[in-house]
Amino acid sequence: MDKFIIEGPTPLRGTIPISGSKNAALPLMAAAILGDSPTTIHRVPKLRDIYTFNKVIRHTGTSVEFHEVENKLVIDPTKLDTTVAPYDLVRKMRASFYMLGALLGKKGEAKVSLPGGCAWGPRPVDLHLKGLEAMGADIELEEGYVMGAFPNETIPGGEFTLEPSSVGATVNLVLAAVRRAEKFVINNAAKEPDVVLLCDSLSKMGANIEGAGTSTITIRKVDSLSGTELFNDPDRIETGTYMIAAAMLPGSKLELTGCKPEDLGAFPKAFKKIGAELGINGTTITVSPNGSVKPVSIKTAIYPGFPTDLQAQWATMMSQANGDSSITDSIYFDRFSYVPELNRLGANLEVKKNTVHINGNQALSGTSVMSTDLRASVSLVMAAMAAEGTSEVLRVYHLDRGYENLEEKLNAVGAKIRRVDE
Ligand code: EPZ
């Protein structure tokens, strides 16, 4: 397993190109299966989760070519002959569960492993299953697998209300309905840009979808979908991550290119309150600190609210603010595994229920810390770049899931990160 050796403190000065979005690419890959001919997807990041999903899709007999140099995927579903997504692949990456909607939508049947845990436990999928039943699917749970089937080529559809709103459930229901349901209405649908891009892309393939980006999405069945060229969005979470890193590292002057600022929702509004210099010019965002970071407390929310995927990164920056603050995660109540590791670096964070209380003005000093999940681990890298001395961040495979060329991008603007095989 690899680890990072990081020297700090270092400012970030220069330009970082933003990669394609992981969380927008995965639904597009599932949508490609629904086509009756090959689909090309541009700006696909070279990430572990993408390689994992490639394997899951190939398991169905669909061919997937990843032209890595051009970040281009070509998916040809014409030879799809298996409607199974096996446990050993699905357990590695939760979004593999999108195969349920894609295979039901394409073939009218699917056998897909539950994505780790049970349908109703931590990271549940109960809304996915109840929504599919409301659409007219037969859903059975058998030995950790979901067995799904539509009784006919065309099903009446109906409507379903997501409570709470769910990105994954919205994606799965749209994938299942576009070629099957006379009319299906999703209430309290997710409005994330990832969902809007999926619906726009399916419409480009020939689907009949109304209301993408609003709380009510209406899908009407079409008999066929044709493969086409799809263009992935830039990664809004990678963008926010680097904006926060630059704002918390004194002396930084960072330019981010290839961004889509309008996808950042409420984040820029909170960001401006910390007092950093923020420039947004087309697809280029520039950030530099402006004296000390002001303490800004936030509460995560569904889009366009403050993204839960930036919660850990924001907490890291708040440990450097000139005052105390707190962060409440209203999406995931237990997404604080980074806290003990950040405290090992000298921060002073305390979790009470789903709120983390952060003391500002904490001097960080290098030590060894353990990554636990994707967004927690990037916050440890950010803290290590601010800490005095040498840090080790272990198990960086978590990072490789969601940040393309992380150390190359950061070293190119002044960070001192070395990857070594643990
Ligand atoms: C997506 O996960 C993202 N993953 C997550 O990013 C992100 O944190 C999350 O949306 C919230 O924005 C991908 O896009 C691949 P949800 P998803 O269903 O779809 C509850 C990252 O770091 N819920 O919107 O799994 C759930 O417990 C990842 O890139 C149910 O109760 O999230 C949570 O509290 C981490 N029942 C809330 O909804 C269900 O059936 C939102 O979850 C489904 C969800």
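Student: Is E143 buried or exposed?
Tutor: First, the ground rules: this is a predicted model, where local features need pLDDT of at least 70, side-chain atom pairs count only at pLDDT 80 or more, and totals for chains, interfaces and linings use all residues. Residues are numbered from 1 along each chain as its sequence is written, and side-chain values use heavy atoms, with hydrogens and water left out. Buried means under 20% relative accessible area, exposed over 50%, and partly exposed in between (1.4 Å probe, protein chains only). E143 has 79% relative accessibility, so E143 counts as exposed.

Student: Where does E143 lie, and what is its phi?
Tutor: E143 sits in the loop between β8 (138-142) and β9 (145-149). Strands here are DSSP runs of E, at least two residues, and helices are runs of H or I, at least four, numbered from the N terminus. E143 is not a glycine, yet its phi is positive, about 50 degrees.

Student: Is N71 buried or exposed?
Tutor: N71 is in the loop between β4 (63-67) and β5 (72-76). Its phi is near 50 degrees, a positive value in a residue other than glycine. With a relative accessible area of 17%, N71 is buried.

Student: Which residue follows α5, and how many residues of α5 are buried?
Tutor: Helix α5 covers residues 126-135. G136 follows α5, with a positive phi near 120 degrees. The buried set is D126, L127, H128, L129, G131, L132 and M135. Helix α5 is thus mostly covered, and the buried count is seven of its ten residues.

Student: What do the buried residues of α5 pack against?
Tutor: Contact means heavy atoms within 4.5 Å. The partners include helices α4 (98-107) and α6 (167-177). The strands on the list are β8, β9, β10 (155-161) and β11 (181-187).

Student: At what angle do α8 and α10 pack?
Tutor: Two packed helices are described by the angle between their axes and the distance between the axes. Axes are lines fitted to C-alpha atoms, for helices over the stretch in contact, and angles run from 0 to 180 degrees between N-to-C directions. Helix α8 (residues 236-248) and helix α10 (residues 311-318) have axes 10 Å apart, at an angle of about 5 degrees.

Student: Which residues make that contact, and how do they divide?
Tutor: From α8 come I237, T241, I244, A247 and M248, and from α10 come Q313, W314, T316 and M317. Ala, Val, Leu, Ile, Met, Phe, Trp, Tyr, Cys and Pro count as nonpolar, Asp, Glu, Lys and Arg as charged, and the others, Gly among them, as polar. The contact of α8 with α10 divides into six nonpolar, three polar and no charged.

Student: How are the rings of F267 and F306 arranged?
Tutor: Rings of Phe, Tyr and Trp (its six-membered ring) pair if their centres lie within 6.5 Å; planes under 30 degrees apart count as stacked, over 60 as edge-to-face and the rest as tilted. F267 is in helix α9 (residues 267-273) and F306 is in the loop between β18 (298-299) and α10, 39 residues apart. Both residues are buried. Their ring centres are 5.7 Å apart and their planes at 65 degrees, so the pair is edge-to-face.

Student: Which residues do ring pairs link into a cluster?
Tutor: F306 also pairs with W314, edge-to-face, at 5.3 Å centre to centre and 80 degrees between the planes. W314 is buried, as is F306. The linked cluster is F267, F271, F306 and W314.

Student: Which residues does S379 contact, leaving aside neighbours within four places in sequence?
Tutor: S379 lies in helix α12 (residues 374-386). Its relative accessibility is 0%, so S379 counts as buried. Its contacts are A312, Q313, T316, Y338 and L342.

Student: How far apart in space are N232 and S19?
Tutor: N232 lies in the loop between β14 (229-231) and α8. At 6% relative accessibility, N232 counts as buried. In sequence, N232 and S19 are 213 residues apart; in space, C-alpha to C-alpha, the value is 9.7 Å.
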